Amino acid sequence: MSMHSPPKSRLWVWFLWLAGFYAVWLWLVAGKGLWSEVITHWPMALAMAIGSYAAGSTPMGGGTVGFPVLVLLFELPASLGRDFSFAIQSIGMTSASIFILARRQPIAWAILQGAMLGALVGTPLGIFFIAPYIPELWIKLVFAVIWASFGLLHLYRLDEIAGHSGMTEFDENWDFRLGLWLGLLSGATVAAVTGVGIDMVVYSALVLLCRADLKIAIPTSVVIMAYTSVLGVAVKFLSGQGLQPGVFENWLAAAPVVALGAPLGVFIVAKIGRKPTLLVVATLCVGQFIWTLYAERNLLGIAGMLFAIIAVLACLAGFEKLRRWGSELVGEQPPPQQLPSRTAVLSELKER
């Protein structure tokens with residue numbers, strides 16, 4: 001794996017980005033008279049204060065909080081939650097990515113480059129040919145199932161995941177091809193449908209298959225989600241689709257919060273460690289699944305809820321398959337079975 005971590009940081013690049021963003025934001029709210037929209041949508045800004053921290057410190061994008069808040073708490077359409085995820089991450093995750101790159105944090109470059117190329121093709125295809133045909137209820141379920149399985153994975157595998165050091169060295173062409181397929185498939189499906197998720201797919205491959213350190217896997221996942229979010233917004237505007245009504249107003253209120261919140265998550269987690277934050281966010285991921293099933297119980301029925309639970313178990317089985325594959329690739333062997341002692345054998349014979 002190619003990982004570059006030059007010692008000298010260039011934080012002035014990030015400060016320049018912040019100055020440019022806040023100048024544009026102030027022009028919108030002051031020059032265009034949109035202060036009332038910011039004040040009206042302050043609850044979204046409050047929610048994204050938490051979401052942006054999670055976006056910078058975990059492999060879950062800011063939409064992990066933004067989507068359920070809009071869809072489950074405010075009872076807005078799931079398609080609005082998806083478009084808001086793209087829009088808000090275009091600021092928060094981009095800000096965190098610039099902060100990460102300016103600090104010269106290690107990145108899994110070969111996989112990242114492949115994933116970016118795959119997403120460049122897959123995300124527009126998903127936006128045009130898959131997302132428009134997914135019903136609102138199914139958008140909610142896709143989000144709920146994937147995030148619940150991801151949360152459960154961390155609740156029972158966190159010690160192992162957090163214990164990785166460095167990264168397994170494979171051939172960089174293999175890494176690039178892996179990233180290419182991950183970006184293509186997840187960009188066309190989970191990212192195009194929910195507005196988030198490609199970061200979690202790439203992260204899962206890094207920690208389960210490549211045994212990557214969290215200090216490498218999480219920054220890599222942040223950068224790919226920032227890239228895909230900007231790409232998603234650009235595709236929607238350039239194609240004439242635009243964003244769902246209500247996205248801009250919520251974005252206007254939350255954007256100045258996430259521009260600082262996501263990089264703050266990157267910085268703070270380096271001081272306190274990633275495990276506490278991952279545990280909290282993993283618990284929230286499972287909680288939103290239970291909330292979704294309860295909120296949609298009339299539409300889902302018993303059969304629909306059982307199907308959702310089976311889908312979570314199928315995702316977990318996929319994670320375990322990826323983990324076993326990773327063990328084979330790095331040559332891990334299961335610990336040899338310990339032979340019983342002579343005393344234990346004699347004792348057993350006497351009992352017989």
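The structure holds 13 aromatic pairs. It is a predicted model, so every value here is computed from predicted atoms.

Take W14 and F15. Their rings form a tilted pair, with 5.1 Å from centre to centre and 55° between the planes. W14 is buried, at a relative accessible area of 8%. W14 and F15 also belong to one aromatic cluster with F99.

F67 and F143 form another pair. Why does this pair count as stacked? The ring planes stand at 15°, and planes under 30 degrees apart count as stacked. The centres of F67 and F143 are 4.3 Å apart. This pair links distant parts of the chain. F67 sits in helix 4 (residues 63–73), while F143 sits in helix 7 (residues 136–162), 76 residues apart.

| Residue | Relative accessibility | State |
|---|---|---|
| W14 | 8% | buried |
| F67 | 2% | buried |
| F143 | 1% | buried |

R297 lies over the face of Y294, at 4.1 Å from the ring centre.

Now to helix packing. Two packed helices are described by the angle between their axes and the distance between the axes. The axes of helix 7 and helix 12 (residues 275–295) come within 8 Å and cross at roughly 150°. That angle makes helix 7 roughly antiparallel to helix 12, because angles over 145 degrees count as roughly antiparallel. The crossing of the two helices is left-handed. Which kinds of residues make up the contact of helix 7 with helix 12? There are 17 nonpolar, five polar and three charged residues.

Notes: Residues numbered from 1 in each chain as written. Predicted model: local features only at pLDDT ≥ 70, side-chain atom pairs only at ≥ 80, totals over all residues. Heavy atoms only, no water. Phe/Tyr/Trp six-rings, centres within 6.5 Å; stacked < 30°, edge-to-face > 60°. Buried < 20%, exposed > 50% of the residue type's maximum accessible area, 1.4 Å probe, protein only. Helix = DSSP H or I, 4+ residues; strand = E, 2+ residues; numbered from the N terminus. Lys NZ or Arg CZ within 6 Å of the ring centre and 35° of its normal. Axes fitted to C-alpha atoms, helices over the stretch in contact; angles between N-to-C directions. Parallel < 35°, antiparallel > 145°, perpendicular 65-115°, else oblique. Left-handed = near helix turned anticlockwise from the far one by under 90°. Nonpolar A, V, L, I, M, F, W, Y, C, P; charged D, E, K, R; others polar.
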